[in-house]
Amino acid sequence: MKVKTQVYRIDSGKPSEKAVNAASEAIIDGKLVVFPTETVYGIGANAFSDAACREIYIVKGRAPDNPLIVHVYGIEEALRLGRFRNRDICALEKVWPGPLTVIVNGRGVLPDSVTAGLDSVAIRCPDSSFIRKVMKKTALPIAAPSANISTKPSSTKGEHAIGYFKGKVPVIIDGGESDYGIESTVLDLRSFRVLRPGAFTVEQIEHAFGRKPILGRLAEGSRSAATMISPGTKYRHYSPEKPLFVYEGGIGSINGILGKFAGRAAFIGSDESCRLLRGSQVKTISLGPSRSIRKRVHRMFGSLIELDSMDVSFGVIESFPKDGIGYAAMNRLKKASDHRSFKDSEGLQKLVRNI
Ligand code: TXA
Ligand code: MG
């Protein structure tokens with residue numbers, strides 16, 4: 001069904017009252033709102049409304065066994081939804097609001113459409129002035145997955161979210177670019193295992209909680225580890241329409257490898273790596289300076305969306321360093337590329353033959 005969408009453009013640091021009021025009214029009315037957060041855009045509804053949360057699954061095309069993250073104003077609100085150990089509350093007081101989602105046992109107060117019928121619940125306190133104002137005004141928790149159609153890259157700019165959801169939800173808030181451009185980290189506080197690496201790094205978890213989280217194959221993005229531990233991880237994710245391959249070899253060889261595919265390939269990488277392809281006719285998307293990992297990760301999802309609008313038959317993306325926020329970016333790239341990576345010319349030829 002076609003819905004009339006009102007788009008509000010805001011300054012994400014100082015959102016207008018008009019936009020906050022419109023979003024708050026929609027949430028209270030059981031409607032959906034697309035909004036910016038510091039990580040990526042979210043598509044949210046009143047977490048206590050079963051009907052509104054069901055609508056999120058329909059609009060996104062999301063599998064019904066993939067639960068939603070509940071966004072809260074602060075610790076006090078989190079304690080009403082889930083059961084926390086005291087030592088974890090102390091750690092969360094240091095890091096919230098921020099890009100860390102935690103899984104705890106639920107109190108049974110949320111509808112099944114939010115938890116997908118699990119005993120646990122995912123809770124996050126976002127550091128985004130707009131959605132904090134809405135949560136304060138409505139006094140409601142907001143269930144919100146990332147604002148993308150299922151399997152597609154997440155929205156890191158208002159225009160991405162508008163592209164996905166105009167005509168499908170009544171209110172879209174365009175707050176420009178998200179700060180991080182990658183989703184929150186999902187940490188199961190019961191097992192102290194990272195289910196999804198994200199904007200809150202492993203190093204930051206260790207610092208805040210005083211111990212190292214368990215990483216394992218699930219956090220690395222392994223397919224076989226995608227079990228019921230985190231329902232969402234078994235589905236296709238973050239994928240452009242065009243085939244995407246991750247380049248894991250030495251960047252000095254990129255021109256020699258991609259030159260043969262001029263006209264067919266697009267390369268996504270650091271400014272310096274893109275410069276190596278100048279004059280080769282290979283189309284490039286620059287993510288930013290090589291030394292600025294955060295900036296490059298920030299533009300990653302946008303580059304995957306851009307790849308789909310280019311007149312090429314596949315994309316190649318340079319891998320990220322495997323620590324800090326690069327660790328999270330590699331988790332996304334493994335999924336976006338359907339685990340297709342290569343190190344040399346032969347490797348790429350094999351991949352291209354199969355598309
Ligand atoms: O940064 C973010 O986290 C964004 C913004 C909007 O807050 N949200 C987001 O939501 O990325 P979503 O739905 O795209 O990813 C949530 C992940 C999914 O993989 C889901 O399976 C997992 O969290 N999850 C939710 N509840 C869970 C639970 N009870 N147990 C295990 N995993 C859970
Ligand atoms: Mg998502």
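Predicted model: local features only at pLDDT ≥ 70, side-chain atom pairs only at ≥ 80, totals over all residues.
So, Lys4: at 70% relative accessibility, this residue counts as exposed. By exposed I mean over 50% relative accessible area, while buried is under 20% and partly exposed is in between, with a 1.4 Å probe and protein chains only.

Residues are numbered from 1 along each chain as its sequence is written, chains are lettered from A and ligands numbered from 1 in the order in which they are written, and side-chain values use heavy atoms, with hydrogens and water left out.

Back to Lys4. You'll find Lys4 in the segment before strand S1 (6–9). Helices (H or I, at least four residues) and strands (E, at least two) are DSSP runs, by the way, numbered from the N terminus.

Okay, let's go inside. The largest nonpolar core has 49 residues, and Leu92, Trp96 and Phe209 are the ones with the most contacts inside it. A few elements each give this core at least two residues: strand S3 (42–46), helix H2 (50–60), helix H3 (75–81), H4, S6, strand S7 (120–124), H7 and helix H8 (202–209). The largest share, 5 residues, comes from H2. For the record, such a core is a set of buried Ala, Val, Leu, Ile, Met, Phe, Trp, Tyr and Cys residues joined through side-chain atoms within 4.5 Å.

The peptide bond from Trp96 to Pro97 is cis, with omega near -5 degrees. Pro97 sits in the loop between helix H4 (86–95) and strand S6 (100–106). As background, most residues other than glycine have a negative phi, and most peptide bonds are trans.

On the phi side, Thr151 has a positive value, near 80 degrees. Thr151 is in the loop between strand S8 (142–143) and helix H7 (158–165), and counts as partly exposed because its relative accessibility is 25%. Phe192 has a positive phi as well, near 55 degrees, in the loop between strand S10 (185–188) and strand S11 (193–196). Is Phe192 buried or exposed? Buried, at 3% relative accessibility.

Now, salt bridges. How many does the structure hold? The count is 11, where a salt bridge is a side-chain nitrogen of Lys or Arg within 4 Å of a carboxyl oxygen of Asp or Glu. One of them pairs Arg54 with Asp50, the closest N and O atoms being 3.0 Å apart. Those two are 4 residues apart in helix H2, so about one helical turn separates them. Arg54 is partly exposed at 47%, and Asp50 is partly exposed at 27%.

Arg85 bridges to Asp88, with the closest N and O atoms 3.4 Å apart. Here Arg85 is partly exposed at 37%, whereas Asp88 is buried at 2%.

Then there's Glu248 with Lys322, at 3.3 Å, N to O. Glu248 is in the loop between strand S12 (244–247) and helix H10 (254–258), and Lys322 is in the loop between strand S15 (314–318) and helix H14 (324–336), so the pair ties together parts that are 74 residues apart in sequence. Lys322 is exposed at 52%.

That brings us to H14. Why is H14 largely enclosed by the rest of the structure? Because 11 of its 13 residues are buried, among them Ile325, Tyr327, Arg332 and Lys335. Just after H14, Asp338 takes a positive phi of about 55 degrees.

Last stop, Met310, in the loop between helix H13 (300–308) and S15. Met310 is buried, at 15% relative accessibility. Its C-alpha atom is 9.4 Å from that of Lys242, though Met310 and Lys242 are 68 residues apart along the chain.
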